[in-house]
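Take a first walk through this protein model.

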Amino acid sequence: MRVTYESTASETVQFAASQLRAYLERMLPDDFAVRCVFRLRVLPELGSPLRKDCFRVNVSESEGTIAGNNDRSVLLGVYDYLHFLGCRFLAPGKAAERVPFLEKAALSANYERQASFFHRGVCIEGADSFENIRDFIDWLPKVGYNTFFLQFKVSYIFMARYYHHRQNPFREPEAFTVSDAAAYDRELEREIKRRGILLHRVGHGWTGETLGYEAISWDTAAAAAQPESASVKPAFAAVSSESASVKPASAAVSSESVSVQPDTTAGQSDSAAQQPGSDSKAPVFPETFETMESQWAACVGGKRGLFRGIPANTNLCYHQKDAVNRFVDLVVRYATDHPSVDYLHIWLADDYNNVCECEDCRKTTVSDQYAGILNEIDRRLTAEGLSTRLVFLLYQELLWPPVKERLQNPERFVLMFAPISRTFEHSYSLLDIPEELPAFSRNQITLPTNLGENLAFLKGWQRLFPGDGFVYDYPLGRAHYGDFGYIHMSRIISEDIKKLREMGLNGYISCQELRAGLPNTLPNYVMGQMLFDREKSERELEQEYFEAAYGDFAPAAVHYLEKLSELECCDYVNGKGDRKNASVTARMEAVIACCEEFRAELSGKCGEKTDALFCGEPEGDTVELLFRKLLAYHRDYVVRLADAIRLLSSGDSSGAAVKWKELRSYICGREDEFQPWLDVYRVLEVTQNYTGFCGNE
């Protein structure tokens, strides 16, 4: 088989050629494959002039052309053509790919597709191995995504949680340092760029670094700043992923957390535990550190200092010119040193009700101060000749739009709407959006849970900012652990995506666990496919996915998972509402009964087997066997989690703690076997810090 491209073709186009050749050679008879000729071309004139990915597939019986309006679109076109031929990329990793064998006549295709939205991506969260992240990046363009976001300057914390086996008392921590993470980051960036994927970076940490901390986690300074620090950075030193050499301890709180509570494993605070290969410290500049913190940190309750001890969660006194200049210097130097970053996120503190209360700051709003900082960064980047796009955040206090300040160069900026406090019981509500925003009360705000109120804040900003924007949402960040069937969350995602245009947004980035695959990865599959084509039917995507994953067993699997999703408790798991809740108790009783009925029904049909899910298993169909195995494990996991929630919601917190520990023992003991599919760290952290289980021994 020959796959040709221009002599000047990029690495992405060459990679697309290798992918097309590799898959078609698996799919076609050898004697026919050798006669096939494909051409890959970049045709910028394809599609509309809105920068959205577009490709054209024109293939006859044995030859044809796949063209895209950019390098990445050529690769997207290759994967879409393979999907047209019957390939199904059901989850990250080769084990979840269904690749059919074809006759030659099946190759013909003639169509053109353009993405519905420009921004179609995922942001890293949870606990991940290098292989988890690499495989997820590889999967993204196979299902229509074009963006990946590595948080912080070094994505150490997400890998450290896994390699240090936080929350898993059955596994010994492995040696893993920030230097290791930086090396992995460089390799991950190569994989991202090889596929032409848009790279987003940083977000959290700028305020902590302004105060002298190497803020690459949500660690407390007490756990991080040790006198035997291996590296001390000058206050204005540039910090890059290549030069990082200091190892912070694990994050005590997730990025979405609204309260600071330590993760616990066998009763030990995660942030306090010393891990092999990590000296658990953040560098400070001794000569200026006390001055910076005492003068530049936000004044809250009459005192300046770290908010609850966490640098990344601490706001600055944005009236202080030296503090703002340091902040801007850090951003500009990072952008200069990292030209491969397509979108650089500029965020403030990752907590709320902690903005500065000094007399000068009270004369304005934090959003006005934020817009002023963004304008200064833009001015400096323009002077340096840098075209890096800057992403600004609508989040917590920054939901309120500025009163006076405006972004002077809208083309530089991208609006990111992050409704972290929303409910996932329902989709975005385009009705009943309040005309007036609630009054801003400094350090006394209440985050909106009502979907209409969330959208009112977005509309407030959009009246002032005419530029590009996307939603940054959390369907697979916490609430999904309350949807045991994953069908409810898939449908919420689908409904949300269909409303993005009416919301004036040009895409969606999901802040989520990458190992969100139990019982399957349907939510991410639906998300990627519908972000590329919002007109697709979610129900048809469900059918396509389940038939590829479960074969003849699909109808039974769908019926079972739909019943589980009807009994979802997403808001409860996410910490919303009273912990004593009779409705949730009844639902969990029904969930347990549903799981047992499913087991009994299969046993009745199949007779006595080790697990009736494997009755009549198709010989040699490794994909179906994989998804049946996941379904069996998922069923036993759900029974244990639902039982713990049943007791907690009934008011029996001590009994719930016992059941939660049984759940922990079960999933931690089998983590190696199901590592790519369930984020053990994250489900335990969420159910402790949000759902409310007490895991202390």
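What pLDDT does the chain average? The chain averages 88, and 87% of the residues score at least 70. pLDDT is the predictor's confidence in each residue, from 0 to 100. Over residues 225-287 the score stays under 50. For that stretch the model has 205 contacts beyond four places in sequence, a contact being heavy atoms within 4.5 Å.

This is a predicted model, so local features need pLDDT of at least 70 and side-chain atom pairs count only at pLDDT 80 or more, while totals for chains, interfaces and linings use all residues. Residues are numbered from 1 along each chain as its sequence is written, and side-chain values use heavy atoms, with hydrogens and water left out.

Now the interior. A nonpolar core is a set of buried Ala, Val, Leu, Ile, Met, Phe, Trp, Tyr and Cys residues joined through side-chain atoms within 4.5 Å. Buried means under 20% relative accessible area (1.4 Å probe, protein chains only). The largest core has 226 residues; Y81, F148 and Y472 touch the most other members. Helix α19 (residues 622-650) gives the largest share, 15 residues. Helices are DSSP runs (H or I, at least four residues), numbered from the N terminus.

Follow Y472. Beyond its neighbours within four places in sequence, Y472 contacts residues including W347, F417, P419 and C511. Another core, of 6 residues, lies apart from the largest one; A298 and C361 are among its members.

Helix α14 (residues 522-532) and helix α15 (residues 538-550) touch through residues including Y525 and M530 of α14 and L541 and F546 of α15.

Methods:
Buried means under 20% relative accessible area, exposed over 50%, partly exposed in between (1.4 Å probe, protein chains only). Helices (H or I, at least four residues) and strands (E, at least two) are DSSP runs, numbered from the N terminus. Axes are lines fitted to C-alpha atoms, for helices over the stretch in contact, and angles run from 0 to 180 degrees between N-to-C directions.
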